[in-house]
Amino acid sequence: MFQKFRGKNRPKVISIQKKTDVPGDSTQDAPEDSSHDGADSMDASSIVRRTFTLGVATAGLIGLYMGISSCGNKVLNMLGFEVSEAPASTHIPQETPEGYDPNLVAAAYLEQKVTVYTSDPQYIQEAAKVFEKLFDITVDYQVVPMDEMEPYLKADSNDGKDLNPSPTDHPIDSWFFVDAEHLNQAGAQNLLASYDAKNAKNLLKPLFATDPKLWYGIATDPLVIAINKERLDAMGLAHPHDWNDLLSTYLRDQIVLPEYEKTRDGNSFAVTMMGNLGVDHGIAFLEELSTHAGKTFDDVHDMMTYLGFGHALATVCQASEAFYTLGHDDFDNVVPLLPLTPTHFTTYGVAISSQAKHPNAARLWVEFCLSAGFAGKMDTTSSFAMPTISGVKAPWYMDRVHLNGAVSALREAPQALDDAGAPLSPSEAGKRAKEGR
């Protein structure tokens with residue numbers, strides 16, 4: 001029923017905590033009574049008294065620990081934090097990392113683990129290492145494609161035995177690096193939990209957070225025009241800087257396009273033009289542009305390679321595809337250009353499952369994903385997306401093509417609406433563009 005997952009699931013990390021050292025009894029033995037002249041040892045009654053006293057003291061320490069532990073849980077519950085599992089050790093970090101609520105950190109630590117589902121392990125590996133080192137909380141991440149996540153989000157502790165990985169063994173706490181379309185669909189089905197994240201103040205733009213606070217955007221991928229700069233310059237041709245430029249006579253049969261409906265890039269282009277021009281005029285523009293295209297592709301990587309080899313002069317794609325071609329495939333002649341007309345952002349976010357077994361650890365994971373510490377690792381995720389967090393140095397691939405301020409500078413295209421005034425999703429816009437209606 002489900003596709004084979006890319007790569008193997010990461011082995012579960014077992015975090016073994018050192019037991020807290022209990023202070024030893026620092027009291028000295030009382031001096032012997034002077035009436036016991038020349039006695040080399042204590043009498044039997046003295047031994048019994050000391051044994052009894054030591055036993056009472058030990059029992060008192062155990063009772064004190066259990067009382068503190070119980071009271072600690074009650075205090076955390078009074079503060080609104082649910083403690084879902086007993087702690088693996090009695091040690092709670094003494095220092096809270098800057099920018100985090102100490103009460104949340106303590107409550108999350110008591111849960112000891114957060115289980116995160118994502119579509120690609122490369123997006124999370126480095127972030128998981130940093131989180132585990134920062135908070136000493138295990139990140140158990142599982143890999144499931146975005147469009148196959150619904151049964152996992154719906155599964156409770158008694159369901160999902162036939163799924164791989166099993167939600168029974170790995171109940172989902174957080175969904176990570178998910179596009180906004182899938183997140184909105186899950187939210188509409190009440191599969192996500194609302195959370196008012198404190199670190200949301202770090203977001204570059206309000207559009208990267210939803211009003212119900214069901215998810216937060218941590219990375220974004222704008223639609224751009226990608227060109228083969230080397231060939232255009234060699235031919236003395238102008239660089240196209242806007243969507244209308246793609247209809248220029250000199251580019252006829254020299255552009256390639258991603259398939260509508262079948263590709264994320266094609267759907268993003270469809271919803272962009274329908275938002276800018278309206279549905280009917282947007283479809284007309286897309287149809288006319290298709291007559292100028294020398295070829296269309298249902299595999300965007302093949303399309304970008306085709307452009308890199310100089311078989312075409314320009315295309316439309318997500319910025320990440322151009323960055324991947326430039327940085328990973330080493331086509332230095334491929335350059336992404338920001339369109340002058342508003343474009344579409346494919347935003348990737350993080351959310352909490354409505355059935356999270358470790359709710360506080362899930363909240364802390366969201367706070368971490370909205371931090372500069374996480375955003376600073378964006379260039380290690382292999383996603384080639386742009387961070388949505390302010391105050392973060394641009395990844396190397398943005399520097400390379402002088403797009404340092406791309407996220408804050410870009411304007412989002414208006415929402416595409418159907419005849420009834422309902423918003424069109426990218427996939428629905430792609431479908432309409434494919435059908436020509």
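**Exercise 1.** How much accessible surface does the protein have, and what share of it belongs to carbon and sulfur atoms?

*Solution.* Start with the model: it is predicted, so local features need pLDDT of at least 70, side-chain atom pairs count only at pLDDT 80 or more, and totals for chains, interfaces and linings use all residues. Residues are numbered from 1 along each chain as its sequence is written, and side-chain values use heavy atoms, leaving out hydrogens and water. Now the answer: the accessible surface (Shrake-Rupley method, 1.4 Å probe) is about 21900 Å². Carbon and sulfur atoms hold 52% of that area.

**Exercise 2.** Find which residues of helix α15 are buried, and work out how they are arranged.

*Solution.* Step two: its buried residues (under 20% relative accessible area, 1.4 Å probe, protein chains only) are P426, A429, G430, R432 and A433. Step three: viewed down the axis of α15, these buried residues fall within an arc of 165° (taken from the directions from the helix axis to the C-beta atoms), so they line one face of the helix. Step four: they pack against α5, α7 and α8 (contact means heavy atoms within 4.5 Å).

**Exercise 3.** Which strands are joined to β8 by bridges, and in which direction do they run?

*Solution.* Strands are DSSP runs of E, at least two residues, and two of them pair if DSSP finds at least two bridges between them. First, β5 runs antiparallel to β8, with 5 bridges; here A226 stands opposite T315. Next, β6 runs parallel to β8, with 2 bridges, and V256 stands opposite T315. Finally, look at cover: 5 of the 5 residues in β8 are buried.

Terms used:
Buried < 20%, exposed > 50% of the residue type's maximum accessible area, 1.4 Å probe, protein only. Helix = DSSP H or I, 4+ residues; strand = E, 2+ residues; numbered from the N terminus.
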